[in-house]
Amino acid sequence: MPPRRKLSDLDRGRAIGWLQDGVAARQVAQRLAVAPSVIIRLKQRFHATGRVQERQRSGRPRVTTQREAMQQRMATANNIRQRLQATTNTVVSGQTIRNRLHNFGLRARRPVRGEEQP
């Protein structure tokens with residue numbers, strides 16, 4: 001199954017505007033390249049709450065940002081972890097860094113072991 005694509009706030013507003021103008025949900029979904037169920041849920045949420053923003057999710061908030069995880073892309077996960085702890089006083093594990101890199105389509109880098117080149 002392909003990953004779900006989130007609609008931006010602008011696209012959500014456009015969708016509600018089109019729905020209010022009388023455009024069918026299937027046509028709106030086709031214009032935005034999403035499933036019709038996404039538009040139907042958006043319409044239901046808008047009628048219930050009057051808002052198009054996503055609700056706050058439960059669970060622990062993320063400690064690292066994408067930018068922090070992707071700095072110095074050739075560094076190992078533990079080097080990124082140590083640098084993050086030293087600069088922002090944020091304590092995370094090396095596995096957390098690897099997970100975040102994986103979420104962004106990257107892999108943690110490992111330095112090549114071998115003889116040094118003169």
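This note sets out numbered points on the predicted model shown above.

1. Basis. The model is predicted, with local features requiring pLDDT of at least 70 and side-chain atom pairs counted only at pLDDT 80 or more, whereas totals for chains, interfaces and linings use all residues. Residues are numbered from 1 along each chain as its sequence is written, and side-chain values use heavy atoms, with hydrogens and water left out.

2. Overall architecture. The chain contains 6 helices and 0 strands, in the sequence order α-α-α-α-α-α. Helices (H or I, at least four residues) and strands (E, at least two) are DSSP runs, numbered from the N terminus. Of the 118 residues, 24% count as buried; buried means under 20% relative accessible area, exposed over 50%, and partly exposed in between, with a 1.4 Å probe and protein chains only. Among contacts (heavy atoms within 4.5 Å) between residues at least 6 apart in sequence, 47% join residues at least 24 apart.

3. Nonpolar cores. A nonpolar core is a set of buried Ala, Val, Leu, Ile, Met, Phe, Trp, Tyr and Cys residues joined through side-chain atoms within 4.5 Å. The largest one has 12 residues: L7, A15, I16, L19, V23, V28, A29, L32, V34, I39, L42 and V52. At least two of its residues come from each of α1 (9-20), α2 (25-32) and α3 (36-49). Another core, of 8 residues, lies apart from it and includes I80, L84, I97 and L101.

4. Contacts of A15. Not counting residues up to four places away in sequence, A15 touches V28, L32, I39 and L42.

5. Surroundings of W18. W18 belongs to helix α1 and counts as partly exposed because its relative accessibility is 23%. Beyond its neighbours within four places in sequence, W18 contacts V23, V28, R31 and L32. W18 and V28 are 10 residues apart in sequence, with a C-alpha to C-alpha distance of 6.9 Å. The charged end of R31 sits over the ring of W18, 4.8 Å from its centre; this description requires NZ of Lys or CZ of Arg within 6 Å of the ring centre and within 35 degrees of the ring normal.

6. Packing of α5 and α6. The axes of α5 (residues 77-88) and α6 (residues 94-103) come within 8 Å and cross at roughly 110°. Axes are lines fitted to C-alpha atoms, for helices over the stretch in contact, and angles run from 0 to 180 degrees between N-to-C directions. Helix α5 is therefore roughly perpendicular to α6, a term covering 65 to 115 degrees. The contact involves A77, N78, I80, R81 and L84 of α5 and G94, I97, R98 and L101 of α6.

Definitions and conventions:
Angles under 35 degrees count as roughly parallel, over 145 as roughly antiparallel, 65 to 115 as roughly perpendicular and the rest as oblique.
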